[in-house]
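Reader: Could you walk me through how some of the labels for this structure are reached? I would like to see each value set beside its rule.

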Amino acid sequence: MHKLHYILFSTVVCSMALFLSCSPKHDIILCCKENNDLYLTIKENKVSCRRYQTPEEAIDKAVEGSGVMILADHYPDQTTQLDASLFQKAKTKNLRLYVEYPSYLPGIEIGAPRGTHWERAVVSSEAFAPALRKLRILAIHECKFVPIDVENPDIVIARVAGFDSAVFGLPKEKFPVLVQPESGDHGALMVSTTKLSQFITARYAPSDAWPAVWKHIFTWLRPGEEAPKLKWTVNVRPSYGMDEPLPESVERQTLKRGVDWYFNSRMVVSPPMMEIYDKNANGEDISSSDHDWHSGNRITSLPGHAPAGDGSLGVLEGYNAKIYHDGKQPAIWWRRSDCNGEVAGVMAVTGAALQEPDYAKVGENIGDWLYFNSLMSLGDRANPDHPAYGLFGWNDVPQYTGPGSMNGYEVYYGDDQARNMLGMILAGAALKTGRFDERLMKGLLANLRITGQSGFQPDRIDQPQLVENGWQYYQNLNSVSYSGNFQAYLWACYLWAYQQTGYDLFLQRAKTGIGVMMAGYPQRWGVIGIQMDRSRMILPLAWLVRVEDTPGHRSWLRTIVEDLNQDVKTGAIPDRIEPGTTNFGGGHYRTPQSNEEYGTAEAPIIQRDGDPCSDLLYAVNFAFLGLREAAAVTGDPYYKDAEDRLAKFLTRIQIRSEAHPELDGGWFRAFDFKRWEYWASSADAGWGAWSIETGWSQSWITITFALRQLNTSFWDMTRDSNIKQQFDPLRLQMLPNQ
């Protein structure tokens, strides 16, 4: 009997197991448009699903006890229209409902939709652990949500500081994003107060976090069933993986894509764009625009019909870091002197490297516009009796709304002047023309005469100050600014000018400034960022070796490059906040010291030293050029190896995007080289993680790739300039007592 009982029991157990294993799994039921990101991803991953047009149809067709996802079809303009009868029917059928951006929830008051500015999404529970821990930060770009008052949300929207985690915790003001309401006559319900299912189109980040979010949602939606493991290709991504083999001709392709970005992005201004530009410049309201208070400018999307120009109207500044719900980014609508000079250099040298005369012509046109037609070079800057004679204005916008609210062409930053001139020096050499030499020499001498006895300029001079004080006042100053960001490239200009003219004051000011700067290393460095200062200093130190090759000067150069601490595996240069330096918790350029400080000033792209992120706006781009020049002057394979590794890194992380051709070929400011994604603390008030500058980053990276293709250096390519012919008469006019 005992044996018989065992056989019968075993038979029953096996039958039950067979029944359970053969019982059909519930399809995922969705109510959404056919182009919804989540629906397309589910289909691409071959997960069984059914899609319906309306919430009523989805609930009617759902099998009892199954899960239904009602997604936000009309986000952000209209909430998802729901009513009490739908929830009652779902409750009767014992359905589990996931709803997005709802207009109505039983027993829960819903506020009017509101948007975000500096707020980010934050994991507020351990629901996603261990993949995502509590306080983990996510980016839901241009999030629009409906406020609800519920307890224990899993994700919230809040203004928080941090790189990956909210380092100061959650603030008092926070709003639920993903939550399972515990009360109300609604049955099993999960609510997203925004549209999470737009995660691909809106470029939610970081991409490695979102599989865990969807796993949690699907696990709740279909209890007892394994959540589908969704995979997808992000719309905007690096060109190559961290370890992916690179094609043989990859650098030429990188260069071509880098220069074509200027046209695909339509940063090169064309006549149809000028009506919008002029309205913006005059402070008129632009439809669908936002104000970026820090950069003092309006940002708005480019008009869809406008083609790229030929350079004769100059170049816009770039793309703002803001990402809209459709994945696009707004342009920064003004033309800056530095960006235009740098892009003229890009076009000219790339034209030479790729033997493409069309690029060279655009570079020539930009140079002509900047030096002979723009307000940044004309007006008081063309008046020999004015103290601003020879200088270049910052931008061409009258009464821009930044600090001081004055004309942008009456603001003078020495570094911006320097990069303008370096770009135009290169443009003249690549175009084999001396047409820019006279204006260049005026710029060199104008900056020299407002550089003080210690070799430093004030970081910024506004025209009213300049008029009141006179240029002689600045020449006699003995002040110091330990900022490679503001000072280093002026010294590079002076060293180049000394080599061309033999004028000792150029050398004296450069050597004195560099000497003071190096005497303060590293404790006084980092006013704007320690890695920024190091990266900027490589160029003038390399050129100092050019004009005075001494063991001491070579030692300075080697020390700075070694201390960049280039990542061995990837070639990346990590951003740093180093103890004992100026920007370690002090100064106006610093990490936010509270949640409330996030987005209020210029800031690094990391929150803590060791966050694995590279800054392509302030450091990597300039290090690339500097390493090129260091390798050329020293012949030391140490610098060449560092340059080559950085070239591979930049080639790999160049933006690839079929969905957004306006971004393809560019380089964003920030790159997380461990995650291998564009991600950072986007705390900077003006130039966040996803910004792209036509000058600064895009220009010097592309220029250096062009120099590599030409197998030359900046110094060697420009050594035969005839600018000296302009020196004597202008020196007598501008520095008569020297």
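Author: Gladly, and let us begin with Tyr521, which is buried, with a relative accessible area of 14%. This is a predicted model, where local features need pLDDT of at least 70, side-chain atom pairs count only at pLDDT 80 or more, and totals for chains, interfaces and linings use all residues. Residues are numbered from 1 along each chain as its sequence is written, and side-chain values use heavy atoms, leaving out hydrogens and water.

Reader: Why is Tyr521 called buried?

Author: Buried means under 20% relative accessible area, exposed over 50%, and partly exposed in between, with a 1.4 Å probe and protein chains only. Tyr521 has 14%, so the residue counts as buried. Trp525, at 0%, is therefore buried too.

Reader: What makes the pair of Tyr521 and Trp525 edge-to-face?

Author: Rings of Phe, Tyr and Trp (its six-membered ring) pair if their centres lie within 6.5 Å; planes under 30 degrees apart count as stacked, over 60 as edge-to-face, and the rest as tilted. The centres of Tyr521 and Trp525 are 4.6 Å apart and the planes stand at 70°, so the pair is edge-to-face. The structure holds 40 aromatic pairs. One of them joins Trp261 and Tyr262, again edge-to-face, at 5.1 Å centre to centre and 70° between the planes. Trp261 has 0% relative accessibility and counts as buried, and Tyr262, at 0%, is buried as well.

Reader: Which residues form one aromatic cluster?

Author: That cluster is made up of Tyr98, Phe199, Trp214, Phe218 and Trp232.

Reader: How do you know that Cys339 is too far from Cys493 for a bond?

Author: A disulfide is a pair of cysteine sulfur atoms within 2.5 Å. For Cys339 the closest cysteine sulfur, in Cys493, is 15 Å away, so the distance is too far for a bond. Cys339 is also buried, at 0% relative accessibility.

Reader: How many disulfides does this rule give?

Author: The count comes to zero. Cys31 is in no disulfide either, the nearest cysteine sulfur being that of Cys32, 6.9 Å away. With 3% relative accessibility, Cys31 counts as buried.

Reader: What classes of residue make up the contact of α10 with α20?

Author: The axes of helix α10 (residues 414-431) and helix α20 (residues 696-710) come within 12 Å and cross at roughly 30°. Contact means heavy atoms within 4.5 Å, and among the residues making this one are Arg419 and Leu422 of α10 and Trp700 of α20. By class, the contact has five nonpolar, one polar and three charged residues. Ala, Val, Leu, Ile, Met, Phe, Trp, Tyr, Cys and Pro count as nonpolar, Asp, Glu, Lys and Arg as charged, and the others, Gly among them, as polar.

Terms used
Axes fitted to C-alpha atoms, helices over the stretch in contact; angles between N-to-C directions. Helix = DSSP H or I, 4+ residues; strand = E, 2+ residues; numbered from the N terminus.
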